[in-house]
Amino acid sequence: MLGVEDWAEIRRLRRAEGMPIKQIARVMGVSKNTVKRALAADGPPKYGRAPQGSIVDAVEPRIRELLQAWPTMPATVIAERIGWTRGLTVLKDRVRELRPAYLPPDPASRTAYVAGEVAQCDLWFPAIELPVGFGQTRTSSRLPVLVMVTGYARWLSARLIPSRCGEDLFAGWWQLLQGLGAVPRVLVWDGEGAVGQRRRRQTVLTEAAHRFRGVLGAKIVLCDPADPEAKGLVERANGYLETSFLPGRSFVSPADFNTQLGDWLARANQRHRRALGCSPTERIDTDRAAMLPLPPVAPVTGWRSGLRLPRDHYVRLDANDYSVHPTAVGRRVEVRADLDRVRAWCDGQLVADHARCWARHQTISDPDHLAAAARLRHQRRAGGYRSATDEVQLRCLADYDQAFGLDDQGVA
């Protein structure tokens, strides 16, 4: 079965590189029919596998202690020190995975970017307390701002998102790409869990990231741990936001934060950059022209779930409950949520539409839903749902006298 990674790479080679099907089949080591099916498929192939542990998990803390003291210690010596009696292959693989975190820093060389080639992405956590409604506030650890900078034009985009979960991260990422109007050929990330991680010095993306990049036709590159220079553009952009945008501002809501951020970005991208000799606005058209076009079909992002609506006609999303029209009680509803709205459909009809709440443990009710529920309860109590066949027949009392053998005077 073709894996999601191979499926995404086939689509990238076709869309981004313009490679013919025969050459793709030769490069990927698959048949031409497999390439054709991958290009014609509506979505990525699905594959599930139950997670399994490893026999090395029990001794990993001891391995980390030895690597912290001696980062270059050979795996064979580590096996001797911890008394390892099993096969060496699985131990060497784990040591190879852990060792980079304990090696000395490896400085990066200076990099030049061509138009349309790359954009760097990261999360910035502003050191503020932001009101989110219902008397609640969020601190910096729960205020992820998705930041993206193009390599050639240094065009800066950013947006505050509700959480760093994959559903919100990819929804925010897609909005930034829509605002840019094109897709960079390479998207650089740090080791963000929703995107992927570096394992054995190789990029291992999540399935959601493969689906996302497969639709875009782009490549996602993850930086090595402890290597901020590899994405220095977005790291400097985070510092720029910290020192230029944030000071002297106050915010009353997440929407207010994004509004002020959008106004500031429009001015910041017009400022002269000494490294460029011009402003990002003067370069962005050249940068955008060399990028990939936006895909004709948008990638699937945001929260999606389906359930049978319970009698209390509420659905839960991100620790909050949202009301649904009570006529859908007992029927299947599909819940979809993006960064701004929470909606529910039943048999193709919209039965709920709420602004997404950033507070937690709240109940969001539509007055129309509550009024409809009250009417339905009143009809239920008044017998509005009882048909004529539900009437209970009264039995004649003489039938009981006859059954027990009683005469008219009550004597047997």
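The protein chain here holds 13 helices and 16 strands. With a radius of gyration of 30 Å, well over the 22 Å that the globule rule gives for 412 residues, the chain is more spread out than a compact globule. Keep in mind that this is a predicted model.

**Overall build**
- Along the principal axes, the C-alpha atoms of the protein chain fill a box of roughly 115 × 65 × 50 Å.
- Of the 412 residues, 39% count as buried.
- The protein chain exposes about 23600 Å², and carbon and sulfur atoms supply 49% of that area.
- Looking at contacts with a separation of 6 or more, 63% come from residues 24 or more positions apart.

- Strand 1 (residues 118-124) and strand 4 (residues 145-150) run antiparallel and are joined by six bridges.
- One of the residues involved is Trp 124, whose bridge partner in strand 4 is Val 145.

**Salt bridges**
- The count of salt bridges comes to 27.
- Lys 231 and Asp 190 meet through their side chains in one of them, at 3.5 Å from N to O.
- Lys 231 lies in the loop between strand 9 and helix 9 (232-245), and Asp 190 in the loop between strand 6 and strand 7 (196-199), so this pair ties together parts that are 41 residues apart in sequence.
- Lys 231 is buried, with a relative accessible area of 1%, while Asp 190 is partly exposed at 29%.
- Arg 94 forms a salt bridge with Glu 97, where the closest N and O atoms are 3.9 Å apart.
- These two are three residues apart in helix 6 (residues 88-98), so about one helical turn separates Arg 94 from Glu 97.
- Arg 94 is buried, at 13% relative accessible area, whereas Glu 97 is partly exposed, at 34%.
- Arg 94 and Glu 97 also belong to a network of salt bridges that links them with Asp 57, Glu 60 and Arg 64.
- Asp 338 and Arg 343 make another salt bridge, 4.0 Å from N to O.
- Asp 338 is partly exposed, with a relative accessible area of 28%, and Arg 343 counts as partly exposed at 26%.

Methods
Residues are numbered from 1 along each chain as its sequence is written. This is a predicted model: local features need pLDDT of at least 70, side-chain atom pairs count only at pLDDT 80 or more; totals for chains, interfaces and linings use all residues. Side-chain values use heavy atoms; hydrogens and water are left out. Two strands pair if DSSP finds at least two bridges between them. Helices (H or I, at least four residues) and strands (E, at least two) are DSSP runs, numbered from the N terminus. The radius of gyration is taken over C-alpha atoms; the globule rule is 2.2 Å times the number of residues to the power 0.38. Buried means under 20% relative accessible area, exposed over 50%, partly exposed in between (1.4 Å probe, protein chains only). Contact means heavy atoms within 4.5 Å. Accessible areas come from the Shrake-Rupley method with a 1.4 Å probe; for residues, only the protein chains shown count as cover.
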